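Visitor: I'd like to go through this one with someone who can back up the labels. Shall we take a look?

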Amino acid sequence: MLLVVLLGLGVYVLLPQLGQARAALHAVRHADPVAVTGALLAAAATYPLSALALRLAVATPVPLGRTVAVQVAAAFVNRLAPGALGGAALSLRYLHRQGLTVPAAATAVAVSRVAGVLGVALLLPVLLPFARGTRRHLVDAVAGRGLAVLLTVLAVLLAVAVALAVPRWRSRLRAARHQVADALRALARSGRVVSLLTVSVALTLAYAAALWLALLAVGLPAAPALLAPVVLVCVLGEGLATAAPTPGGLGATEAALVSGLLLYGVRTETAVAGVLVYRLATFWLPVLPGYVALRLLLRRGAI
């Protein structure tokens, strides 16, 4: 019944956007097949990178293949909730089923999300010189990526305040606090922090590569001077996707990407077609594999 409800919600959310999917498919039919293939591969690379980031944030080893499947399933679940909250909840449930306590699993998910924000921050010194008009756009993008983390922290603090008000829960809260501290100490001692930040930067660059190749596929000149601006625009667009109150950032992401590309002189038709191909690779195509992965994970008791 849960799967039927989720599938129904997915169809309800995605059906009004099918016009964009058709436009993207039309753009793909007239695009460079090599560049389109590259965009699809870059989009596919985000899933093992996300899984690797989650594994690096966990103190105990978890299987890579199944973790990748969880990230693919998150591509479906995230279409039903804003801010990638569905994927975070799915990852938490998966880690708990792998033997981690709920506090330790929540800590690992939060660490992987914070690492994503820090990965964007590490790119700022390279991207800021290419910011046109006002640099506030880039600051807003980083803030957008951090908004989900901030909301999660506020929710945790609220839950802690409620727990402290109930005497029976205070002892459980103290035990959870020790588990969180142990998880963070284990991560610090493992020496995986640098690797986690490196993977987070690679994940951001994989999305940017998918957008760059999608634009090349629809006729954008392969000018090296446009590469850094495209990365900047991708950071902005994906940041708004995280902060937007719509599932998967529908509408807000496309508008941010197209307007950002226009700011750097990309022609309107090229910007729109490239963004549609990019969203086809990163948003539309993973929906069905994500649903299949979710069913398989449920059937095998992984979540």
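This is a predicted model: local features need pLDDT of at least 70, side-chain atom pairs count only at pLDDT 80 or more; totals for chains, interfaces and linings use all residues.

Visitor: Why is T204 called buried?

Guide: Buried means under 20% relative accessible area, exposed over 50%, partly exposed in between (1.4 Å probe, protein chains only). T204 comes in at 5%, so it counts as buried. It belongs to helix α9 (residues 193-217); helices here are DSSP runs of H or I, at least four residues, numbered from the N terminus.

Visitor: Which residues does T204 contact, leaving aside neighbours within four places in sequence?

Guide: V120, L123 and V235, with contact meaning heavy atoms within 4.5 Å.

Visitor: What makes α4 roughly antiparallel to α5?

Guide: The axes of α4 (residues 64-77) and α5 (residues 85-97) cross at roughly 150° and come within 8 Å. Axes are lines fitted to C-alpha atoms over the stretch in contact, with angles from 0 to 180 degrees between N-to-C directions. Angles over 145 degrees count as roughly antiparallel, under 35 as roughly parallel, 65 to 115 as roughly perpendicular and the rest as oblique, so this pair is roughly antiparallel. Among the contact residues are V70 and V77 of α4 and L90 and Y94 of α5.

Visitor: Where is confidence lowest, and where highest?

Guide: On pLDDT, the predictor's confidence in each residue from 0 to 100, helix α7 (residues 136-165) is lowest at a mean of 57, and helix α3 (residues 33-56) highest at 94.

Conventions: Residues are numbered from 1 along each chain as its sequence is written. Side-chain values use heavy atoms; hydrogens and water are left out. Helices (H or I, at least four residues) and strands (E, at least two) are DSSP runs, numbered from the N terminus.
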